[in-house]
There are 2 protein chains.
Amino acid sequence: MQNIKDLFLDQESPAGRLVRAMAALGAATAGQLVKSTGIGRSTVSTLLSELRDAEIVIDVEVKSTGFGRPSQLLSLNPASGRCAGVLLGLGEIRIVICDLTHAVLSDVWLPIHRDYTPEEAADQIRDTLTRQCAALGQSIPDLLGVGLAISAPLSYDGKVMNGDVLPTWGGVDLAEIFSTRIDCPLHAENESHCGALAEMTWGAAIGEKDFVLYKFDLGVGGAIVRDGVVQRGFNGSAAEFGHIVLEPNGSLCRCGNRGCLTTFVGSYHLMKHAEEFSGHPVTIDQFIERAREGRLGYRRLIEDAAEKAGWGMGMTATILNPPLFIIVGKLATVGDAFVERLKSSFERHTLPPPDSGQHPRPRFVIGKFLANDDTVMGAVALVLHQHGRIAGHASGRLRGRSAA
Amino acid sequence: MQNIKDLFLDQESPAGRLVRAMAALGAATAGQLVKSTGIGRSTVSTLLSELRDAEIVIDVEVKSTGFGRPSQLLSLNPASGRCAGVLLGLGEIRIVICDLTHAVLSDVWLPIHRDYTPEEAADQIRDTLTRQCAALGQSIPDLLGVGLAISAPLSYDGKVMNGDVLPTWGGVDLAEIFSTRIDCPLHAENESHCGALAEMTWGAAIGEKDFVLYKFDLGVGGAIVRDGVVQRGFNGSAAEFGHIVLEPNGSLCRCGNRGCLTTFVGSYHLMKHAEEFSGHPVTIDQFIERAREGRLGYRRLIEDAAEKAGWGMGMTATILNPPLFIIVGKLATVGDAFVERLKSSFERHTLPPPDSGQHPRPRFVIGKFLANDDTVMGAVALVLHQHGRIAGHASGRLRGRSAA
C-alpha cells in the first residue's frame, strides 16, 4: 500500500479513486463509495480492508437508515493527511488547515494592505503556512494540496481575469507565482465557485447535483452546478451573476458597464446609500441589523435590493430552469425582508406556470455559509474534490484544464 | 443481421449504436464512427462489412482530407429506412418524410384553423402521413419514427407546458393522443430545441458541441447545447429566452409577465408597430424588406429590436459564458442593420474583457435555417438523433426522460 499522498494524487488506480472519493465525501458507507466511484463492490471491499490495515481508512460510526441492517460509516484517518485553504480577499488573507475528516486544525487571518501584489501574497502565505504546519508537526510538502480562493474569475490556464477586488491582478499567472514559493499541489478557483463547493461538501447542497448558487455580499457572485460539477463556461467566467445588466442606463459598475445587478444589490453599494441617508458611515453588520429591525430607510434599501435580486434570479431561471437555488452571503441573514421579497420578485420575473395544471417551481434554500467562511472552506474543498488544479509536482501535468 | 428498424431501436447492441450514429451523422468515415460510438476499430470494421452485405450500409463517396490516404464515406442505404418530421405551428401543420441520408422525399403543408385541438391534429397527421407513405410504397409502421416539433415547452413526461402558440394545449399528454393514432415510435420536442438539432445535423452547428441558439422570428426562442446535448433544464423549459424580462413595467406579454424580450423583438410585435406607423397591415416579409432597404421607421424598429436582442444575449453570456452564438429566424435575414447592431449591443451588456490581455469572446454565426424549415427538419432530426422519445412500441419504455 502506498502512502496517502501518493494515493491521493494517483488519478488512475482504484485505490486512488477510492481515497479521493472519501476525501470529497468526508464519511461514507461502502455502498456510497461503490456508487460514487463506479468500482465493483468486491474490489471496494478488498481495497477498504487493505486501507484499514495501512491505517489510511478508519471506521467512524454506524449509520442507521431506519430500516434494514445499519451501515458502517468509514472515513480517511484524520492523522493520515491534511490540506490547506487560502482566501485572497479585499485587504485580507485567511489560511485554514483541515484534516481529511474536514475538521479545522488551524485558522489564521492576516490583514494586508488593499493593493497587495501576488508576490507579496505568496510570500506571506508561504511564511504563515510554514508556521501553521510546524505547529502541527509537519511541513508544507506534507500537505495533500493548497487551495486558493480568488475574488475574480479565473481562466482555464490559471490566469486571473477582470475582477473588482484584486484589480491589479488582471492577467497574473497564479501557477507561476505560487508554485515557486509553495511546494505542494496547488488548486485555484473563483471565490463564488469555492462557495458552491463548500455548500456541496459541508452545507445546504450535500447530495445536490444540480443547482444555482447566488451569493449576496459585498458584491454579487454565484455558481452553476450541473451534475455535481461547477460550470466554468467557455473561458472561466460563467455565472458572473453580479454583472447581469438590469438597467443599461444605470450607475457605472466597476466592470465598466452600467446598471449591473451588483450596483443594486452589492452591500458595498447599499452601505454607500445608507451613509448618504444617515449622514455617517455604516458598516455592513450595522446595515444588516438595522434592516432586520425594519428601521426607516434601511428597510426600503433592503426591499429594493431584494426586488432586483429576484429579477436577476428570475432571468437566470428563464435561461437555465434549475431545480434549486441556494442563497448565501450576508444579505441572506437579514431574513424575510430580503428573502421573501426576493422570492415574490422572482415569480414576477420568470416564465409563469400555466393556469392549468401544476408546474414544478424551483426550491429556494438558504445556504449554511452566510458569512465569509464559504470561500476559505471552499478553498479546502478544492483540494478535497481535486478541482481547479493549477500546479503540482505529482500531478503529471503542471497546469491544466480543471474538471469543468 | 436484423432489419434496420430493429437495429435502429436496439439501444444496446454495437450494431444498433452504429446504425444510430450513422443516422445522426448522415455520412461518415469509419474513423468518425469509431470516435462517435466509442466502439473499437476492429468491431466497427466487422460490423460495417456485415451491414454492407445486408444492404443497410452503402459506400457513398471518397473524402479527401488533403493529406494522407483519402477516407471512404459511408451512409445508411437510403432505401432501407425513412422517418418523418411534423411541425405543429400557428394555423399550420407541415409533414416531411426523409430517407436516412437526410434527403427530403415528401413535404406537405396543411393550413388548419388556429384553435385546432390535439385530437384534430393527430387525425390530420395520421391521414396525411398515410397518404404520403403510400405514395412512397410503404405504411406508417415502416417508418423508423415520427418527430413532432411543438411551439411550446414540453415537460419530461411529454406534457405540453405554458405556450403562446398553442394556448389550448396546456397540460396535454402528447403520447396519449398521438400514440393511439400513429403506430410508430414518437419523439417530441419544443420547436426551438428542434431548431438547434437541425443546425447540428444540417446547418451552422455541424460538429459544434457547445453553443447557444437564438431564434428571432414571430417570437423569440432558443436552445442551450452543452456537450452535444440540448439542455432541457429541470422541467423542460430551459432556454425560454423570449421571456427574459427586460422591463418589469413594460408591455404585457402573452406569458403573463411584462416587458419580456419577445415583446421588443418578436416580429409579431414589430409588425404591430409597423402597422401603427404606416397605417395599414404589414406582413413579416414586407417588414423585413423595408427594414433591409433602410426605410424610415422600419429601420428604427429593427435597430431598437437589435439593441434589446443584444442585451438579452449579453445577459445570457454573463450567465452561461458560451463559446458560440448561432442566430436564426427571419429577422437574421435583415442583415447588418440587425446583426451588427445586435453585436455592438451585446458588448455593452455582458462582462467586458479586461483592459490588459486578450480575453476570448464568443463567436456569432448566422444559422442556415433562417426561414421556418428549422422546425420541421429538426423534427426529423429528433428521430435521427433518438431524442425526445415520448412513445414507441419497440423502445422498451412507453415514455420517458429524453436524453437531457
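Predicted model: local features only at pLDDT ≥ 70, side-chain atom pairs only at ≥ 80, totals over all residues.
**Entry 1: the interface**

I started with the contact between the two chains. I counted 48 residues of chain B in contact with 47 residues of chain A. I then looked up the buried area. Chain B and chain A bury about 3,700 Å² between them. Of that area, 62% is on carbon and sulfur atoms. I also searched for salt bridges across the interface of chain B and chain A, and the rule finds 0.

**Entry 2: H2 and H4 of chain A**

Next I took a helix pair in chain A. Helix H2 covers residues 14-25 and helix H4 covers residues 41-53. Their axes are 10 Å apart, and the packing angle is about 75 degrees. That makes H2(A) roughly perpendicular to H4(A), since angles of 65 to 115 degrees count as such.

I listed the residues that meet. H2(A) brings A:Pro14, A:Ala15, A:Leu18, A:Val19 and A:Met22. H4(A) brings A:Val44, A:Leu47, A:Leu48 and A:Leu51. By class, the contact of H2(A) with H4(A) has 9 nonpolar residues, no polar and no charged.

**Entry 3: the sheet in chain A**

I traced an open sheet of 6 strands in chain A. Its order is E5-E4-E3-E6-E7-E13, with mixed pairing. Which strands stand at the edges? They are E5 (104-111) and E13 (389-391) of chain A. Each has a single partner strand, so one side of each is left without a neighbour in the sheet.

I looked at one strand pair in detail. E3 (residues 82-89) and E6 (residues 146-150) of chain A run parallel, joined by 5 bridges. One bridge partner of interest is A:Gly147 in E6(A), which goes with A:Gly85.

Then I checked which helices touch the sheet. Helix H5 (residues 118-135) of chain A packs on it and touches E3, E4 (92-99), E5 and E6 of chain A. The direction of H5 makes about 35 degrees with that of E4(A). Helix H13 (residues 373-384) of chain A lies across E3, E4, E5, E6 and E7 (186-190) of chain A. H13 of chain A runs at about 140 degrees to E3(A).

**Entry 4: the sheet in chain B**

I moved to chain B and found an open sheet of 5 strands. The order is E10-E9-E8-E11-E12, again with mixed pairing. The edge strands are E10 (229-230) and E12 (363-366) of chain B, and each pairs on one side only. E8 (residues 211-216) and E11 (residues 324-328) of chain B run parallel and are joined by 4 bridges. Here B:Lys215 stands opposite B:Val328 in E11(B).

Helix H7 (residues 191-202) of chain B packs on this sheet. H7 touches E8, E9 (220-226), E10 and E11 of chain B, and its direction makes about 55 degrees with that of E9(B). Helix H12 (residues 336-348) of chain B lies across E8, E11 and E12 of chain B. H12 runs at about 160 degrees to E12(B).

**Entry 5: H7 and H13 of chain B**

I came back to H7(B) for its packing against helix H13 (residues 373-384) of chain B. The axes of H7(B) and H13(B) are 7 Å apart, at an angle of about 75 degrees. The two helices are therefore roughly perpendicular to each other. Residues in the contact include B:Glu191, B:Cys194 and B:Trp202 of H7(B), and B:Asp374, B:Met377 and B:Leu384 of H13(B). By class, the contact of H7(B) with H13(B) has 10 nonpolar, 4 polar and 2 charged residues.

Conventions
Residues numbered from 1 in each chain as written. Chains lettered and ligands numbered in written order. Heavy atoms only, no water. Axes fitted to C-alpha atoms, helices over the stretch in contact; angles between N-to-C directions. Parallel < 35°, antiparallel > 145°, perpendicular 65-115°, else oblique. Contact = heavy atoms within 4.5 Å. Nonpolar A, V, L, I, M, F, W, Y, C, P; charged D, E, K, R; others polar. Pairing = 2+ DSSP bridges. Buried area = accessible area lost by both parts, 1.4 Å probe. Salt bridge = Lys/Arg side-chain N within 4 Å of Asp/Glu carboxyl O.
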